[in-house]
Amino acid sequence: MKCFLVDRVLLPADATCVCFKRKGNYQRICMNLTPLQEERTRRLKRRMKVYFDAARPDHQEALRALWYATYPGQELQGLISDQWKEMGWQGRDPSTDFRGAGFISLENLLFFAKTFSTSFQCLLKKQGGKPAAWEYPFAVAGVNITFMIMQMLDLEATKPRTLIRAVFLQMLLENEWSFDLLYCVAFMVMDKQWLERNATYMEFNDVLKSTRAQLERELLMDDVFRIEDMPSYSLLC
(Lines give C-alpha, C1' and ligand atoms only; values in the text may rest on other atoms or scores of the structure.)
Protein backbone atom coordinates (compact mmCIF):
# COMPACT_ATOMS: atom_id res chain seq x y z
CA MET A 1 0.00 0.00 0.00
CA LYS A 2 1.36 3.41 -0.99
CA CYS A 3 0.71 6.23 1.45
CA PHE A 4 1.29 9.89 0.57
CA LEU A 5 1.49 12.97 2.77
CA VAL A 6 -0.49 15.74 1.12
CA ASP A 7 -1.26 19.34 1.95
CA ARG A 8 -2.83 20.28 -1.38
CA VAL A 9 -6.11 19.39 -3.04
CA LEU A 10 -4.66 17.29 -5.89
CA LEU A 11 -3.70 13.68 -5.22
CA PRO A 12 -0.87 11.61 -6.71
CA ALA A 13 -2.18 9.45 -9.56
CA ASP A 14 -1.01 6.20 -7.96
CA ALA A 15 -2.17 6.95 -4.41
CA THR A 16 -3.86 4.11 -2.56
CA CYS A 17 -4.15 6.12 0.65
CA VAL A 18 -3.31 9.69 1.67
CA CYS A 19 -2.50 11.46 4.90
CA PHE A 20 -3.39 15.07 5.58
CA LYS A 21 -3.25 17.27 8.65
CA ARG A 22 -6.16 17.62 11.01
CA LYS A 23 -5.55 19.32 14.36
CA GLY A 24 -1.80 19.16 13.87
CA ASN A 25 -1.79 15.41 13.25
CA TYR A 26 -1.88 13.51 10.00
CA GLN A 27 -5.03 11.52 9.34
CA ARG A 28 -4.96 8.70 6.82
CA ILE A 29 -7.71 8.24 4.25
CA CYS A 30 -7.54 5.06 2.21
CA MET A 31 -8.58 5.02 -1.42
CA ASN A 32 -9.73 1.41 -1.08
CA LEU A 33 -13.38 1.78 -0.16
CA THR A 34 -15.28 -0.31 2.34
CA PRO A 35 -18.17 -2.41 0.97
CA LEU A 36 -20.66 0.10 2.40
CA GLN A 37 -18.81 3.02 0.79
CA GLU A 38 -18.73 1.20 -2.53
CA GLU A 39 -22.46 0.52 -2.41
CA ARG A 40 -23.36 4.09 -1.45
CA THR A 41 -21.01 5.48 -4.09
CA ARG A 42 -22.61 3.24 -6.74
CA ARG A 43 -26.07 4.41 -5.72
CA LEU A 44 -25.02 8.04 -5.92
CA LYS A 45 -23.41 7.53 -9.31
CA ARG A 46 -26.58 5.86 -10.57
CA ARG A 47 -28.60 8.82 -9.38
CA MET A 48 -26.25 11.20 -11.19
CA LYS A 49 -26.70 9.34 -14.48
CA VAL A 50 -30.50 9.49 -14.58
CA TYR A 51 -31.80 12.02 -17.09
CA PHE A 52 -35.07 13.76 -16.41
CA ASP A 53 -37.73 12.10 -18.56
CA ALA A 54 -41.00 14.03 -18.78
CA ALA A 55 -42.74 10.83 -19.95
CA ARG A 56 -41.89 8.82 -16.82
CA PRO A 57 -44.71 8.79 -14.22
CA ASP A 58 -42.26 8.79 -11.29
CA HIS A 59 -40.48 11.86 -12.69
CA GLN A 60 -43.81 13.59 -13.22
CA GLU A 61 -44.80 12.77 -9.65
CA ALA A 62 -41.50 14.15 -8.30
CA LEU A 63 -42.11 17.39 -10.18
CA ARG A 64 -45.60 17.65 -8.72
CA ALA A 65 -44.18 16.89 -5.27
CA LEU A 66 -41.72 19.77 -5.68
CA TRP A 67 -44.55 22.12 -6.57
CA TYR A 68 -46.67 21.21 -3.54
CA ALA A 69 -43.66 21.25 -1.21
CA THR A 70 -42.89 24.74 -2.50
CA TYR A 71 -46.43 26.10 -2.65
CA PRO A 72 -48.56 24.12 -0.17
CA GLY A 73 -52.25 24.50 -0.87
CA GLN A 74 -51.75 26.18 -4.25
CA GLU A 75 -53.20 24.05 -7.05
CA LEU A 76 -50.88 23.19 -9.93
CA GLN A 77 -52.49 23.76 -13.29
CA GLY A 78 -50.21 21.36 -15.15
CA LEU A 79 -46.66 20.12 -15.64
CA ILE A 80 -46.42 22.69 -18.42
CA SER A 81 -47.73 25.97 -17.08
CA ASP A 82 -46.76 29.61 -16.60
CA GLN A 83 -46.91 28.89 -12.87
CA TRP A 84 -43.46 27.30 -12.99
CA LYS A 85 -41.91 30.67 -13.78
CA GLU A 86 -42.82 31.74 -10.23
CA MET A 87 -40.30 29.19 -8.93
CA GLY A 88 -37.55 30.45 -11.18
CA TRP A 89 -37.69 28.09 -14.15
CA GLN A 90 -36.84 29.64 -17.50
CA GLY A 91 -40.14 28.83 -19.18
CA ARG A 92 -43.48 27.07 -18.90
CA ASP A 93 -41.89 23.61 -19.05
CA PRO A 94 -39.36 22.99 -16.24
CA SER A 95 -38.29 19.68 -17.78
CA THR A 96 -36.18 21.58 -20.32
CA ASP A 97 -34.01 23.02 -17.53
CA PHE A 98 -32.87 19.67 -16.13
CA ARG A 99 -30.59 18.82 -19.06
CA GLY A 100 -27.46 20.06 -17.32
CA ALA A 101 -27.69 17.97 -14.16
CA GLY A 102 -30.50 15.46 -14.71
CA PHE A 103 -33.08 14.03 -12.33
CA ILE A 104 -30.83 14.33 -9.28
CA SER A 105 -31.15 18.12 -9.47
CA LEU A 106 -34.90 17.74 -9.00
CA GLU A 107 -34.29 15.30 -6.14
CA ASN A 108 -31.97 17.87 -4.54
CA LEU A 109 -34.54 20.65 -4.75
CA LEU A 110 -37.21 18.37 -3.30
CA PHE A 111 -34.89 17.23 -0.49
CA PHE A 112 -34.13 20.87 0.37
CA ALA A 113 -37.81 21.84 0.31
CA LYS A 114 -38.82 18.97 2.61
CA THR A 115 -35.82 18.81 4.96
CA PHE A 116 -35.13 22.50 5.50
CA SER A 117 -38.44 24.05 4.55
CA THR A 118 -37.83 27.32 6.43
CA SER A 119 -34.51 27.97 4.68
CA PHE A 120 -35.95 26.87 1.34
CA GLN A 121 -38.88 29.27 1.64
CA CYS A 122 -36.64 32.14 2.77
CA LEU A 123 -34.48 31.77 -0.32
CA LEU A 124 -37.46 31.32 -2.60
CA LYS A 125 -39.30 34.36 -1.27
CA LYS A 126 -36.09 36.36 -0.86
CA GLN A 127 -36.78 37.43 2.69
CA GLY A 128 -34.09 39.84 3.79
CA GLY A 129 -31.49 41.64 1.71
CA LYS A 130 -31.97 44.26 -0.99
CA PRO A 131 -34.34 43.71 -3.94
CA ALA A 132 -31.59 44.62 -6.39
CA ALA A 133 -29.68 41.53 -5.24
CA TRP A 134 -32.55 39.12 -5.92
CA GLU A 135 -32.05 38.71 -9.62
CA TYR A 136 -31.18 35.03 -9.95
CA PRO A 137 -33.83 32.45 -10.96
CA PHE A 138 -34.22 30.23 -7.90
CA ALA A 139 -34.92 26.84 -9.50
CA VAL A 140 -32.40 27.19 -12.32
CA ALA A 141 -29.79 28.24 -9.76
CA GLY A 142 -30.55 25.02 -7.91
CA VAL A 143 -29.87 22.94 -11.02
CA ASN A 144 -26.55 24.73 -11.52
CA ILE A 145 -25.56 24.08 -7.91
CA THR A 146 -26.15 20.35 -8.38
CA PHE A 147 -23.93 20.38 -11.47
CA MET A 148 -21.23 22.35 -9.65
CA ILE A 149 -21.13 19.82 -6.78
CA MET A 150 -20.96 16.91 -9.22
CA GLN A 151 -17.93 18.52 -10.86
CA MET A 152 -16.30 19.34 -7.52
CA LEU A 153 -16.61 15.78 -6.17
CA ASP A 154 -15.40 14.22 -9.44
CA LEU A 155 -17.13 10.92 -8.64
CA GLU A 156 -16.99 9.64 -12.21
CA ALA A 157 -13.20 9.40 -12.17
CA THR A 158 -11.84 5.85 -11.94
CA LYS A 159 -9.65 6.80 -8.99
CA PRO A 160 -9.89 9.81 -6.68
CA ARG A 161 -8.03 12.76 -8.21
CA THR A 162 -8.74 15.23 -5.44
CA LEU A 163 -8.62 15.20 -1.68
CA ILE A 164 -12.11 16.73 -1.71
CA ARG A 165 -13.52 13.55 -3.21
CA ALA A 166 -11.63 11.34 -0.76
CA VAL A 167 -12.96 13.36 2.19
CA PHE A 168 -16.50 13.29 0.81
CA LEU A 169 -16.43 9.50 0.45
CA GLN A 170 -15.58 9.27 4.13
CA MET A 171 -18.61 11.45 4.86
CA LEU A 172 -20.76 9.24 2.65
CA LEU A 173 -19.85 6.37 4.95
CA GLU A 174 -21.34 8.31 7.86
CA ASN A 175 -24.49 9.47 6.05
CA GLU A 176 -25.93 8.24 2.76
CA TRP A 177 -27.57 11.65 2.23
CA SER A 178 -24.30 13.58 2.38
CA PHE A 179 -24.62 14.73 -1.25
CA ASP A 180 -28.09 16.15 -0.63
CA LEU A 181 -27.02 17.81 2.60
CA LEU A 182 -24.01 19.34 0.86
CA TYR A 183 -26.39 20.67 -1.79
CA CYS A 184 -28.47 22.46 0.84
CA VAL A 185 -25.36 23.99 2.40
CA ALA A 186 -24.12 25.06 -1.04
CA PHE A 187 -27.42 26.79 -1.85
CA MET A 188 -27.25 28.76 1.39
CA VAL A 189 -23.63 29.74 0.78
CA MET A 190 -24.38 30.82 -2.77
CA ASP A 191 -27.31 32.98 -1.69
CA LYS A 192 -25.30 34.56 1.14
CA GLN A 193 -22.45 35.44 -1.20
CA TRP A 194 -24.91 36.75 -3.77
CA LEU A 195 -26.45 39.15 -1.27
CA GLU A 196 -23.10 40.24 0.17
CA ARG A 197 -21.79 41.07 -3.31
CA ASN A 198 -25.07 42.63 -4.43
CA ALA A 199 -24.49 40.52 -7.54
CA THR A 200 -26.32 40.66 -10.85
CA TYR A 201 -27.29 37.72 -13.03
CA MET A 202 -24.24 38.35 -15.21
CA GLU A 203 -22.09 37.52 -12.17
CA PHE A 204 -23.79 34.22 -11.42
CA ASN A 205 -20.87 32.05 -12.60
CA ASP A 206 -18.42 34.08 -10.51
CA VAL A 207 -20.58 33.63 -7.42
CA LEU A 208 -20.85 29.91 -8.14
CA LYS A 209 -17.04 29.65 -8.39
CA SER A 210 -16.55 31.44 -5.08
CA THR A 211 -19.23 29.20 -3.53
CA ARG A 212 -17.32 26.13 -4.65
CA ALA A 213 -14.08 27.53 -3.25
CA GLN A 214 -15.71 28.11 0.15
CA LEU A 215 -17.18 24.60 0.21
CA GLU A 216 -13.77 23.11 -0.58
CA ARG A 217 -12.13 25.11 2.20
CA GLU A 218 -14.73 23.99 4.73
CA LEU A 219 -14.61 20.33 3.70
CA LEU A 220 -10.87 20.28 4.45
CA MET A 221 -11.09 21.99 7.84
CA ASP A 222 -9.67 20.25 10.90
CA ASP A 223 -12.95 19.66 12.67
CA VAL A 224 -15.11 18.75 9.68
CA PHE A 225 -15.86 15.03 9.50
CA ARG A 226 -19.51 15.25 8.45
CA ILE A 227 -21.49 17.72 6.36
CA GLU A 228 -23.13 18.81 9.61
CA ASP A 229 -19.68 19.89 10.89
CA MET A 230 -19.19 22.45 8.13
CA PRO A 231 -19.41 26.04 9.47
CA SER A 232 -21.93 26.99 6.78
CA TYR A 233 -24.27 24.20 7.87
CA SER A 234 -25.38 26.61 10.60
CA LEU A 235 -27.01 28.76 7.89
CA LEU A 236 -29.71 26.11 7.52
CA CYS A 237 -32.86 26.13 9.61
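User: How many aromatic pairs does a search of the whole structure find?

Analyst: In this predicted model, the search finds 16 aromatic pairs.

User: Why are H2 and H3 called roughly parallel?

Analyst: The axes of helix H2 (residues 57-70) and helix H3 (residues 103-115) cross at roughly 30 degrees and come within 9 Å. Angles under 35 degrees count as roughly parallel, and H2 and H3 are therefore described that way. Their crossing is left-handed.

User: Which residues make that contact, and what is its make-up by class?

Analyst: H2 brings His59, Ala62, Leu63, Ala65, Leu66 and Ala69. From H3 come Phe103, Leu106, Leu109, Leu110, Ala113 and Lys114. By class, that gives 10 nonpolar, 1 polar and 1 charged residues. Lys counts as charged, and Lys114 of H3 is part of the contact.

User: Happy with that! What makes Glu39 and Arg43 a salt bridge?

Analyst: Their side chains meet at 3.0 Å, N to O. The cut-off is a side-chain nitrogen of Lys or Arg within 4 Å of a carboxyl oxygen of Asp or Glu, so the pair of Glu39 and Arg43 qualifies. A search of the whole structure finds 14 salt bridges.

User: How far apart are Glu39 and Arg43 in helix H1?

Analyst: They are 4 residues apart in helix H1 (residues 35-49), which means a separation of about one helical turn.

Technical notes
Residues numbered from 1 in each chain as written. Predicted model: local features only at pLDDT ≥ 70, side-chain atom pairs only at ≥ 80, totals over all residues. Heavy atoms only, no water. Axes fitted to C-alpha atoms, helices over the stretch in contact; angles between N-to-C directions. Helix = DSSP H or I, 4+ residues; strand = E, 2+ residues; numbered from the N terminus. Parallel < 35°, antiparallel > 145°, perpendicular 65-115°, else oblique. Left-handed = near helix turned anticlockwise from the far one by under 90°. Contact = heavy atoms within 4.5 Å. Phe/Tyr/Trp six-rings, centres within 6.5 Å; stacked < 30°, edge-to-face > 60°.
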